[in-house]
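This report walks through one protein model, from its overall layout to single residues. Please keep the sequence and the 3D view open while reading.

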Amino acid sequence: MRPPDSSVIPAPIPPPTSCYQCGKCTAGCPVADLVDLMPHQVMGLLQAGEVDAVLASEMIWRCVACHQCSDRCPKNADPAGLMDACRALSVRRGTAAPGVRRTVLFQREFLAGIRRDGRVGELGLIARFKTKALARDGSVPRLLQDAPLAPRLLARRRLSLTGDRVRDRALVARIVDRSLREDQ
Ligand code: SF4
Ligand code: SF4
């Protein structure tokens, strides 16, 4: 199955001219201490037209899309929306940083599963993701590293064994395709 975002042409990232580098976005970001670029630095680079530097950063893939930054921004500059746009453009151009390529692969498989089945079947998603990741990096330890979590997830009903599908999968596929087009 083709990746769900392969038929769309991303728009250029607009420079966030309203940002005045106050840093409130970074102050509220839960991953700011763990990334190579903090949100206000991403905004500064985009203002300076340094889009390629942002697309090559790990930050856009470490962002957990909590929208704290956009909620806190006094200028409505929407850093979270720009992170999202940069992720989409990064996928399209194939510029994701080496350290986040597994994250990109997981996102592709997650969206492909939603598009195909209308919902995420955890076991199927894990199997597809792990198999493709193994083919890429050949790491058997990483293939098995999450297996010890399975009993606890099953006990808490956080892992579905059935892989259910929704009835109108074609409708969900159209929604996914449309949202990806509008996202970019
Ligand atoms: S994006 Fe908003 S919160 Fe972040 S530095 Fe710019 S103006 Fe401040
Ligand atoms: S949406 Fe991303 S960049 Fe913004 S606060 Fe959340 S994790 Fe940080």
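## Overall layout

The model is predicted. Its protein chain has 184 residues, of which 21% count as buried. The C-alpha atoms fill a box of roughly 50 × 35 × 30 Å along the principal axes.

The secondary structure is helical: 11 helices and zero strands. Along the sequence, the pattern reads α-α-α-α-α-α-α-α-α-α-α. Contacts between residues 24 or more positions apart make up 68% of those with a separation of 6 or more.

Where they meet, five residues of domain 1 are in contact with five residues of domain 2.

Which helix gives the largest share of the domain 1 side? Helix 6 (residues 79-93) does, with three residues. By class, that side of domain 1 holds three nonpolar and two charged residues, and no polar ones.

## Helix 6

Helix 6 has 15 residues. From first C-alpha to last, helix 6 reaches 21 Å, close to the 21 Å expected at 1.5 Å a residue. Gly 94 follows helix 6 and has a positive phi, near 65 degrees.

The buried residues of helix 6 are Pro 79, Ala 80, Leu 82, Met 83, Ala 85, Cys 86, Arg 87, Ser 90 and Val 91. Arg 87 is thus a charged residue on a list of buried ones. The cover over these buried residues includes helix 1, helix 2, helix 3 (51-55), helix 4, helix 5 and helix 7 (101-117).

## The nonpolar core

The largest nonpolar core has 23 residues. Those with the most contacts inside this core are Val 42, Val 54, Ile 60, Met 83 and Cys 86. Helix 2, helix 3, helix 4 and helix 6 each give two or more residues to this core. Helix 6 again gives the largest share, here five residues.

Which residues does Cys 86 touch, leaving out those up to four places away in sequence? They are Ile 13, Val 54, Leu 55 and Ile 60. Two of these partners, Val 54 and Ile 60, are themselves among the residues with the most contacts in the core.

## Shell around ligand 1

Ligand 1 has 16 residues around it. Cys 19, Cys 22, Lys 24, Cys 25 and Cys 73 come nearest. Helix 1 (24-28) and helix 2 (39-47) each supply at least two residues of this shell. The largest share, three residues, comes from helix 2.

What is the make-up of the shell around ligand 1 by class? It divides into 10 nonpolar, three polar and three charged residues.

## Shell around ligand 2

Ligand 2 has 15 residues around it. Cys 29, Cys 63, Cys 66, Cys 69 and Ala 80 come nearest.

Helix 6 gives the largest share, three residues. The shell around ligand 2 has 12 nonpolar and three polar residues, and no charged ones. By contrast, the shell around ligand 1 includes three charged residues.

## Positive phi in one loop

Most residues other than glycine have a negative phi. Two exceptions sit in one loop. Ala 65 has a positive phi of about 55 degrees. Ala 65 lies in the loop between helix 4 (59-62) and helix 5 (68-72). His 67 is in the loop between helix 4 and helix 5 too, and its phi is near 70 degrees.

Are these residues buried or exposed? Ala 65 counts as exposed because it has 11 C-beta neighbours inside 10 Å, and the cut-off for exposed is 12 or fewer. His 67 has 16 other C-beta atoms within 10 Å, so it is partly exposed.

Methods
Residues are numbered from 1 along each chain as its sequence is written. Chains are lettered from A and ligands numbered from 1 in the order in which they are written. This is a predicted model: local features need pLDDT of at least 70, side-chain atom pairs count only at pLDDT 80 or more; totals for chains, interfaces and linings use all residues. Two residues are in contact if their C-beta atoms, placed from the backbone, lie within 7 Å. Helices (H or I, at least four residues) and strands (E, at least two) are DSSP runs, numbered from the N terminus. A residue is buried if 20 or more other C-beta atoms lie within 10 Å of its own, exposed if 12 or fewer, and partly exposed in between; C-beta atoms are placed from the backbone. A residue is near a molecule or strand if its C-beta atom, placed from the backbone, lies within 6 Å of it. The expected span of a helix is 1.5 Å times one less than its number of residues. A nonpolar core is a set of buried Ala, Val, Leu, Ile, Met, Phe, Trp, Tyr and Cys residues joined through C-beta atoms within 7 Å.
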